[in-house]
Amino acid sequence: EKIVPLVEYLINSVETSGNIFIAGAGKFKVAKMFENDGVNFSSLDSIKGSDISEKIDEILRETNLTKRKDASESFEAL
C-alpha cells in the first residue's frame, strides 16, 4: 500500500517513462542507467550459454560506461 501512490503517479506520467524505481522501507529512489560497450555476438548463428559464460566478465565490466537517461534511450542506441 505504501508504493501505490508511486504506481498511480507513474500510470499518469509520460516524463518518467523508462526509469527504474526502487521502493521500500518508506523510501523511493531512481536507479540511473549506465552501459558498457558490451559484447557483440551477431556473427554467431546462435548464441549458447557457453558463449555467454566465456564472455561474462566482459559483459559485466564497468569500464567505458555511457550514461543513459532511461531504459528507452538504451534500446534506441542498439
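This is a predicted model: local features need pLDDT of at least 70, side-chain atom pairs count only at pLDDT 80 or more; totals for chains, interfaces and linings use all residues.
Side chains of opposite charge can pair when their charged atoms come close. With a side-chain nitrogen of Lys or Arg required to lie within 4 Å of a carboxyl oxygen of Asp or Glu, the count in this model comes to four salt bridges.

One of them is formed by Glu-35 and Arg-68, whose closest N and O atoms are 3.1 Å apart.

Another salt bridge joins Arg-61 to Asp-37, and here the closest N and O atoms are 4.0 Å apart. Arg-61 sits in the loop between helix 2 (49-60) and strand 4, while Asp-37 sits in the loop between strand 3 and helix 2, so the pair ties together parts that are 24 residues apart in sequence. Arg-61 is partly exposed at 25% relative accessibility, and Asp-37 is exposed at 52%.

Within helix 2 itself, Lys-55 and Glu-58 lie three residues apart, about one turn of the helix, and their side chains meet in a salt bridge with an N to O distance of 3.6 Å. Lys-55 is partly exposed at 34% relative accessibility, as is Glu-58 at 31%. Through salt bridges that share partners, Lys-55 and Glu-58 are joined with Asp-37 and Arg-61 into one network.

Methods:
Residues are numbered from 1 along each chain as its sequence is written. Side-chain values use heavy atoms; hydrogens and water are left out. Helices (H or I, at least four residues) and strands (E, at least two) are DSSP runs, numbered from the N terminus. Buried means under 20% relative accessible area, exposed over 50%, partly exposed in between (1.4 Å probe, protein chains only).
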